[in-house]
Amino acid sequence: MTATAESPETVIDVHHLTKSFGGRKVVDDVSMSVRKGRIHGFLGPNGSGKTTTIRMLCGLLTPDSGNGTCLGFDILTESDRIRRRVGYMTQKFSLYQDLSIRENLEFVARVYGLPDARGKAKAAIERLGLKGREKQLAGELSGGWKQRLALGACILPEPALLLLDEPTAGVDPQARRDFWNEIHALAADGLSVLVSTHYMDEAERCHEIAYIAYGKLLVQGTVDEVIEGTGLVTWTVSGPDVHHLQAELLQQPGIDMIAPFGLSLHVAGHDESALEQAIAPYRQRPGFKWEKGEPTLEDAFIDLMGRSEDNFR
Amino acid sequence: MTAPHDPELNGNGGFFKRFWAMTVKEFIQMTRDRVTLATMIMIPVMQLFLFGFAINTTPHDLPTAVLMRENSDIGRSILAALKNTDFFEVQSVITRTEDMDSLLESGRALFVVEIPEGFERAVRRGETPALLVAADATDPVASSSALGALSGIVASALANDRQIEFSEPSKPAFSIVQHRRYNPAGSSTLNIVPGLLGTILTMTLLIFTALSVTREMERGTMENLLSMPIRPLEIMFGKITPYVLIGLIQALIIISAGILVFRVPILGDLPSLAAATALFVVANLSIGYTFSTLATNQLQAVQMAMMFFLPNILLSGFMFPFAGMPGWAQWIGEALPLTHYIRIVRAIMLKGADIATLAYDTSVLAGLMTFAMLIAVTRFRRTLD
C-alpha cells in the first residue's frame with residue numbers, strides 16, 4: 001500500500017490493523033480513512049481499542065498485521081517522519097509536571113528542531129491566554145488548563161494531523177466548548193483531526209465518525225450516514241409513568257431498543273411494520289402521546305453496542 | 001523498530017538540537033528537585049567526613065597484653081618500652097597461655113606479646129630467638145600498622161636498656177613471629193580516599209540515571225516523549241549530561257577535602273585525575289541508564305543498581321586486597337568500573353603516574369562505558385509494545 005495509490009486528500013489510510021495483548025485481540029481488522037481538513041470522531045466504549053488504534057497510527061505501537069499510511073508515510077517503516085508531522089495528545093496529561101508552562105513548550109519546540117524555540121514558546125503562551133503564568137508549573141494547572149496546554153504543545157510544531165485521545169475527559173462544559181471551537185478553527189486552516197470521545201454532543205460536532213467496539217470497527221461515515229446505516233425506526237412516547245411502560249414494551253417482539261430520555265422513551269426497531277405492530281396496542285392507552293421521530297446518534301450507538309455485544313457473546 | 005533515515009532528522013545539527021533540548025529539560029528537572037539536589041552535594045561531604053575522620057590511619061592505645069614466660073631484665077625492658085608508646089596500651093601482664101586465648105577471643109586485648117622462656121639468654125648468645133605476637137587481625141588496618149611498629153620498639157628497647165651489642169648489624173638480635181588471628185588478609189590504609197571517591201561516585205551516580213527512564217514511564221510522560229521525533233541516543237545523552245556535572249562537582253569536593261582536610265598527597269597531575277574521573281563518571285551513569293532501560297519501574301531499577309553496587313565495593317580491591325581474591329572473583333572485579341578507577345586514582349594520587357601509563361585501566365573503563373551505552377540504546381524501546 002503506497003501513498004501514491006491513494007487520493008492525496010487522504011491523510012490516514014490504514015487497512016486490516018490487528019493488535020493483540022496477551023493473546024487477546026484488542027484491535028481486530030480495523031480499516032479506516034480520514035480526509036484532509038476533516039474532524040474525524042472516534043467513538044466506542046471503554047476498552048474498545050481506540051487508544052491502541054491511535055497509538056498504531058503514530059508509531060507508538062507496531063501492528064501485528066495490517067498496513068497503511070499516515071500522511072502518506074508507511075506506518076510500519078516511516079514512523080520517524082510521521083512523528084515529525086503528527087501532534088499526538090495523550091489521554092493522560094503527559095507533559096512534565098515539574099517543568100513550568102514555558103519550559104514545557106520550549107522543550108517541545110527544541111525537540112522538533114524549530115528555529116527560535118523561545119520565541120515560538122512565547123507566541124504559544126500568548127495564543128493560549130497564559131501570559132503572566134508562564135512560570136507556573138504544569139502540574140499545578142487545573143484540568144481545563146492542562147488540556148489547553150497539552151493542545152498548545154501539540155500544535156506548536158505545526159503538525160498536519162492531530163491525534164487526540166479523549167482530550168475532553170474530565171473537563172468542564174465551558175472548557176469543552178472552547179476546545180471544540182479551537183479544533184474547528186484548526187480544521188478550517190487545513191489541519192486534519194482524529195479525536196476519540198465518549199460524548200455524543202462531541203460526536204455530532206465531527207465531520208465524520210467511526211464507531212469501534214470490542215476491537216472491531218462497526219461503522220464509519222457522517223453522522224447522518226451512521227444513523228441511516230443502522231436502519232432504525234424510532235417512536236417517541238411521552239406520558240405519565242413511562243418507566244412502567246418500558247418494562248412492558250421490553251417483552252414485545254419487534255422492539256429492539258428502548259432508551260429513556262427524561263419523561264419520554266425512545267422505542268426503536270429495525271423492522272418498521274413489526275415495530276408498529278408491537279406498539280399498536282399501547283397507542284390506544286390514554287395519557288400517552290406517541291410520535292414517530294428521527295433516530296438520534298445516541299439511539300444508533302446504543303443499538304450498535306447492543307448488536308456488537310451479541311456478536312461477541 | 002527499524003526506522004529509515006529521515007533527512008529531516010539528520011543534518012542541520014538536528015542531533016545536537018534534540019540532545020540539547022533533552023539536556024536542558026533534565027537539568028531543569030534536576031534543579032527543581034531541591035531535596036535530591038541537596039542530597040547529591042551533601043552525600044560526598046557527609047560520607048567523607050564521617051569515614052575520613054572515623055578511619056584513623058594511625059591507631060593508638062591498642063589494648064595489649066604481655067605474656068611473660070620468664071622474669072628477665074629484657075622482658076621488663078620490652079614491657080616498659082611498650083608502655084611508653086602511644087601504639088600500645090598494656091592492660092595486663094599474664095603468665096598462662098589460656099589467659100592469652102581468652103583475652104583475644106573476648107576482644108579485651110588486640111595484641112598479646114609473648115616473651116618466651118629463655119629469651120634473654122638466647123639473645124645474649126646471638127641465637128636470634130623468636131618474640132611471639134598474637135594479633136587480632138579482624139581489624140587488619142590496626143593490626144598491620146601496630147605489628148610494623150612493634151619490631152622497632154623492641155629493638156630500641158634492647159639496644160638502649162641492655163647495651164646489647166650487635167656484632168653483625170645485619171643479623172638482628174631477635175625475630176618477631178607474627179600470628180594474625182581470624183583474618184589472614186590485611187588492607188592498606190592508603191585505600192581510603194581513592195576508595196571513598198570511587199564508592200561515593202558509584203553509589204550516587206548509578207541511582208540518578210537508574211531512575212531516569214523508569215521515572216518517565218511511571219509518570220506517563222514517556223508516551224509523549226516517544227511520540228516526538230527524538231532518538232534513543234539523543235535521549236540517553238541528554239539524560240546523562242546534567243549528571244556528569246554533578247559527578248564532577250562531587251569528585252571536586254571529595255578530592256579537595258582529601259587534600260585540605262586529610263592531607264592526602266597528590267603526586268600525579270590533576271588533569272589526568274580529572275580526565276579519569278570524568279570517564280568513570282560517564283561509565284557509571286551509562287550503566288545506571290542501562291538498568292533504567294531494563295527495569296519496568298523505579299523500585300526494580302534501584303534494586304538493580306544496588307545489586308551492581310555491592311560487588312563494586314567488595315570485589316574492587318577497596319575493602320579486600322584484589323590479589324588475595326580467588327581467580328573467579330578477580331575476573332568479576334576486572335569487569336567492574338570501580339576496580340579500574342581505584343587503581344587509576346591510587347596510581348595518580350600516590351605514585352605520581354599519569355593517565356598515559358594507565359592505558360589498560362583507562363581503556364577498560366572506556367570499554368565498559370561503551371558496552372553499557374550500546375545495551376542501553378539497543379534495549380531502549382521506541383514503542384510501547
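## The two chains

Chain B has a secondary structure of 15 helices and five strands. The model described here is predicted. Of the 385 residues in chain B, 41% count as buried. When contacts in chain B between residues at least 6 apart in sequence are considered, 82% of them join residues at least 24 apart.

Chain A contains eleven helices and 14 strands. Its 313 residues include 46% that are buried. Among the contacts in chain A with a separation of 6 or more, 69% are between residues 24 or more positions apart. Along the principal axes, the C-alpha atoms of chain A fill a box of roughly 75 × 45 × 35 Å.

## Domains of chain A

Chain A is divided into two parts: domain 1, made of residues 3–98 + 137–227, and domain 2, made of residues 233–294. Taken over C-alpha atoms, the centres of domain 1 of chain A and domain 2 of chain A are separated by 37 Å.

## The contact between the chains

The contact between the two chains draws 28 residues from chain B and 26 residues from chain A. On the side of chain B that touches chain A, α1 (14–32) and α9 (221–226) of chain B each supply at least two residues. The largest share of that side, nine residues, comes from α1(B). By class, the residues on the side of chain B that touches chain A comprise twelve nonpolar, eight polar and eight charged.

## Helix α3 of chain A

Helix α3 of chain A spans residues 101–111 and is mostly covered, with ten of its eleven residues buried. The buried residues of α3(A) are A:Ile101, A:Glu103, A:Asn104, A:Leu105, A:Glu106, A:Phe107, A:Val108, A:Ala109, A:Arg110 and A:Val111.

The cover over the buried residues of α3(A) involves both chains: it includes α4 (117–128) and α5 (143–155) of chain A, together with α1 of chain B. Just after α3(A), A:Gly113 adopts a positive phi of about 65 degrees.

## Packing of α5 and α6 in chain A

Two packed helices are described by the angle between their axes and the distance between the axes. For α5(A) and helix α6 of chain A (residues 173–188), the axes come within 10 Å and cross at roughly 15 degrees. Because angles under 35 degrees count as roughly parallel, α5(A) is roughly parallel to α6(A). The crossing in which α5(A) passes α6(A) is right-handed.

On the α5(A) side, A:Gly144, A:Gln147, A:Leu151 and A:Ile155 meet A:Ala175, A:Phe179, A:Glu182 and A:Leu186 of α6(A). The residues of this contact between α5(A) and α6(A) divide into five nonpolar, two polar and one charged.

## Packing of α7 and α10 in chain B

In chain B, α7(B) and α10(B) pack with their axes 10 Å apart, at an angle of about 160 degrees. Since angles over 145 degrees count as roughly antiparallel, α7(B) is roughly antiparallel to α10(B). The crossing of α7(B) and α10(B) is right-handed.

Residues of α7(B) in this contact include B:Val193, B:Leu196, B:Ile200 and B:Phe208, while those of α10(B) include B:Ile240, B:Tyr243, B:Ala251 and B:Ile254. By class, the contact of α7(B) with α10(B) has twelve nonpolar, five polar and one charged residues.

## Helix α8 of chain B

Helix α8 of chain B runs over residues 212–219, and its buried residues are B:Ser212, B:Val213, B:Thr214 and B:Glu216. The elements covering these buried residues of α8(B) include α7 (192–210), α9, α10 (232–260), α11 (270–294) and α12 (298–315) of chain B. After α8(B) comes B:Gly220, which has a positive phi near 80 degrees.

## A buried strand residue in chain B

B:Phe111 lies in strand β3 of chain B, which covers residues 111–115. B:Phe111 counts as buried because it has 25 C-beta neighbours inside 10 Å, and the cut-off for a buried residue is 20 or more.

Leaving aside neighbours within four places in sequence, B:Phe111 is in contact with B:Leu62, B:Thr64, B:Phe88, B:Val133, B:Ala135 and B:Ala146. For B:Phe111 and B:Thr64, the separation is 47 residues in sequence and 4.7 Å in space, C-alpha to C-alpha.

Technical notes:
Residues are numbered from 1 along each chain as its sequence is written. Chains are lettered from A and ligands numbered from 1 in the order in which they are written. This is a predicted model: local features need pLDDT of at least 70, side-chain atom pairs count only at pLDDT 80 or more; totals for chains, interfaces and linings use all residues. Two residues are in contact if their C-beta atoms, placed from the backbone, lie within 7 Å. Helices (H or I, at least four residues) and strands (E, at least two) are DSSP runs, numbered from the N terminus. Ala, Val, Leu, Ile, Met, Phe, Trp, Tyr, Cys and Pro count as nonpolar, Asp, Glu, Lys and Arg as charged, and the others, Gly among them, as polar. A residue is buried if 20 or more other C-beta atoms lie within 10 Å of its own, exposed if 12 or fewer, and partly exposed in between; C-beta atoms are placed from the backbone. Axes are lines fitted to C-alpha atoms, for helices over the stretch in contact, and angles run from 0 to 180 degrees between N-to-C directions. Angles under 35 degrees count as roughly parallel, over 145 as roughly antiparallel, 65 to 115 as roughly perpendicular and the rest as oblique. A crossing is left-handed if the near helix is turned anticlockwise from the far one by less than a right angle, and right-handed if clockwise. Domain bounds come from an automatic or database domain assignment.
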